[in-house]
Amino acid sequence: MSELTLAVVGLVVMVCLFFAICWIFISAYLFTELIESHLGRSKFVASNREGLSGLGLLGKVVKNCSIALMFLIPKFCERRGLIEKNELENLPVHLKRKLLAPWITGGVLFFAMFVYWLLVV
C-alpha cells in the first residue's frame, strides 16, 4: 500500500473513534439515570451512584461504563458478588442495545487503531 492510502486509513479510523467517543458521552448523558432506575435493587449500581454522583458528566460516563461491563461480563460480576443472579433481566432490550452499542463500537475502533499503530507506525 502507498503511504497516502495508509494515512487515509489512519485518519478515517481516528475520525470514527472521535465520533464514537462523542456517542459514548451523549448516550451516558441521556440514558445513565434511566438505566439506573431499572437496576435500582443493585447494590453495585447504588454504590456507584453514591460515589460518582458529584463528578458531573465524567461521573455519568464512568457509571455508564460500569453498567455496560456488568452486561458484558455478567458471570464474573456474579461470582464477585457485584450483582445478583437475575438482576440484569430487569432492563428492557432496547435500553441494553443503547447501553452497549457505543461501548462496543468504541472498543472495536480502539482495537483497530491499536493494530494500525502496531503495523504501520
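## Salt bridges and exposure

Glutamate 36 is buried, because its relative accessible area is 5%, below the 20% limit used for that class. The model described here is predicted, and each value in this report has been computed from it.

Glutamate 36 takes part in a salt bridge with lysine 63, with a distance of 3.7 Å from N to O. Since glutamate 36 belongs to helix H1 and lysine 63 to helix H3, this pair ties together parts that are 27 residues apart in sequence. Lysine 63 also counts as buried, its relative accessibility being 7%.

Glutamate 36 forms a salt bridge with arginine 49 as well, where the closest N and O atoms are 3.4 Å apart. This pair links distant parts of the chain, with arginine 49 in helix H2 (residues 43-52) and glutamate 36 in helix H1, 13 residues apart. Arginine 49 has a relative accessible area of 32% and is therefore partly exposed. Through shared partners, the salt bridges join Glu36, Arg49 and Lys63 into one network.

How many salt bridges does a search of the whole structure find? The search finds three. One of them is formed by lysine 60 and glutamate 33, whose closest N and O atoms are 3.4 Å apart. Lysine 60 lies in helix H3 (residues 56-72) and glutamate 33 in helix H1 (residues 3-38), so the pair ties together parts that are 27 residues apart in sequence.

Is lysine 60 buried or exposed? Lysine 60 is buried, because its relative accessible area is 15%, which is under the 20% limit. Glutamate 33, in contrast, counts as exposed, because its relative accessibility is 51% and the class begins over 50%.

| Lys or Arg partner | Glu partner | N to O distance |
|---|---|---|
| Lysine 60 | Glutamate 33 | 3.4 Å |
| Arginine 49 | Glutamate 36 | 3.4 Å |
| Lysine 63 | Glutamate 36 | 3.7 Å |

Where is arginine 80 placed? Arginine 80 is in the loop between helix H4 (74-79) and helix H5 (93-120). Arginine 80 counts as exposed, because its relative accessibility is 61%, a value over the 50% limit. Along the chain, arginine 80 and glycine 107 are 27 residues apart, and their C-alpha atoms are separated by 24 Å.

Key:
Residues are numbered from 1 along each chain as its sequence is written. This is a predicted model: local features need pLDDT of at least 70, side-chain atom pairs count only at pLDDT 80 or more; totals for chains, interfaces and linings use all residues. Side-chain values use heavy atoms; hydrogens and water are left out. Helices (H or I, at least four residues) and strands (E, at least two) are DSSP runs, numbered from the N terminus. Buried means under 20% relative accessible area, exposed over 50%, partly exposed in between (1.4 Å probe, protein chains only). A salt bridge is a side-chain nitrogen of Lys or Arg within 4 Å of a carboxyl oxygen of Asp or Glu.
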